[in-house]
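Biologist: I would like to go through the terms used for this structure and see what each one rests on.
Modeller: Ask about them in turn.

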Amino acid sequence: MALDGMEEIIAAAEGTGRPFWQVVLDTDLEERGVTARDSLEKMRHTWQAMLESVLTYDGQRRSLSGLAGGDGALMDAYAQKGEALCGAYLQRVIATALRVGESNACMRKIVAAPTAGSCGVLPAVLVPLYQAGKASEEMVLQALYTASGIGAVISHRACIAGAAGGCQAEIGSASAMAAGALVSLRGGSPRQIGHAVAMALKNLMGLVCDPVAGLVEVPCIKRNVVGAVNAISCADMALAGIESRVPVDEVIDCMGEVGRRLPVELRETSLGGLAVTPFGKMVKEKMESES
Amino acid sequence: MLDIFDILGPVMVGPSSSHTAGAVRIGRMARALLGCQPVEADIGLHGSFAETGKGHGTDRAIVAGLLGMEPDNLDIPRSFEIARQQGMELCIHPIQLREAHPNTAVLKVRGTNGRAMVLRAVSVGGGRIRVEEIDGTAVHFAGDYHTLVVRHKDIPGELSVLTRELSNAKVNIANMSLNRSRRGGDVLTVFEVDQKIPPVARQLIAEIPGVEGLTYYEKEDA
């Protein structure tokens, strides 16, 4: 089978009693002609790179523009004081999303998931669970298959690039992948994974891609936080039995349609949105005068 | 269908899959097609590559690729320094092309073997690239497969001899294209293949009468 629709994967899972992640893994084996061992090894390598992108963070690093860096460390320090509004997991999620997003801006190694700009969302929800001993490596790898299957469907039916569909296509897709991954990890049904994906995408629909000076820094890094937090709330809703009223594939198609209707100024060209605020223009001029 | 590891991946040095990882791959492609390390590289950056390339490290990424680094090499930010140590002369500048993709680079490289090549390539997103022109001849391939580019004379039967050699080496052709600038001139035939082409088979192809040169890109193992 091809990963062309969420409904198709859900039906395949329900029809054969396989979990969602297994359907995605089996499809990968078919498609690339590799063994399960090879595929799992590659996924483990991907996961290790994700984990490293969190662990090797250094709050002293700054990006080439000087705009990005240090916020992950600030969040860590704040969380340690015990005064944060949100609970322990969410504090770690916020700090992790910032760490990975900032590491990316500082030319460190990350995993595009699905893009480099949205690379912080999946590690933000998964790494804290793994570190707290609430998810084994095996569970995480399975969740990553679920996430990649969701991403493949979104990429096929809509898009995952900011230039094509705005930030909703990058952070929105990453958030949907993370929401599905969490439901999968907590033992939710294939159908619940579908609802989590639908809700996550709906909640971020219309988000524009407007990077200051064209750089993957402002507002990209902090949007990784909102993508992660949105994913957690949608996963919890789905696990609680809350359903998306609009079917998941219709939501995905709709996200693609909204993306196509976004003016080109709001699709990674830096000709609109935050990129053309006085601050945005100032940064762009500064970068140009230096090159 | 898209490979799921194109969704969850590539594992790469940031900040941008198109402006950094794709740029590394363009440099690697130029190095592979040249067949050795360049001693001189003139790198022209067009469109968004020129405008936001500095902040994305596009310039450093292309040079890193020319040095043979893969997109996940943490030395990518230090590539200028490494190139200098290895005696690679660099000239990086903006260019303006007509009707080109915003992420286009034109690389003029000369290798340690004295060979020179001009490559025009595009970073199309997600770290994926497309080669559009080699030495002025339009081509079209992405480096998704092991790729053999053969420059040969425009004579009848040449293609059948080339494909027979690949067949003898048990190499399956996934995609193939002939690109000719004028009748009776040189032809660039591009083979995208499923198996690696062994050095012996490449040597045999290079020795076929009418073949004037060949370059080979082996897809990176991920």
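Biologist: What makes you say that domain 1 and domain 2 of chain B are in contact?
Modeller: Two residues are in contact if their C-beta atoms, placed from the backbone, lie within 7 Å. Five residues of domain 1 of chain B meet that criterion with four residues of domain 2 of chain B, so the two domains are said to touch. Helix α2 (residues 17–34) of chain B gives the largest share of the domain 1 side, three residues. This is a predicted model, in which local features need pLDDT of at least 70, side-chain atom pairs count only at pLDDT 80 or more, and totals for chains, interfaces and linings use all residues. Residues are numbered from 1 along each chain as its sequence is written, while chains are lettered from A and ligands numbered from 1 in the order in which they are written.

Biologist: Why is helix α6 (residues 121–131) of chain A called mostly covered?
Modeller: A residue is buried if 20 or more other C-beta atoms lie within 10 Å of its own, exposed if 12 or fewer, and partly exposed in between, with C-beta atoms placed from the backbone. In α6(A), 10 of 11 residues are buried, so the helix is called mostly covered. Among the buried ones are A:V121, A:L126 and A:Y130. The buried residues pack against α3 (36–55), α5 (88–105), α7 (137–157), α9 (167–185) and α11 (220–239) of chain A.

Biologist: How do you know that strand β8 (residues 146–153) of chain B pairs with strand β10 (residues 186–193) of chain B?
Modeller: Strands (E, at least two residues) and helices (H or I, at least four) are DSSP runs, numbered from the N terminus. Two strands pair if DSSP finds at least two bridges between them. Eight bridges join β8(B) to β10(B), therefore they pair; they run antiparallel. B:K153 has B:D186 as its bridge partner in β10(B).

Biologist: What joins β1 (109–111) of chain A to strand β1 (residues 11–13) of chain B?
Modeller: Three bridges do, and the strands run antiparallel. They therefore pair across the two chains. The bridge partner of A:I110 is B:M12.
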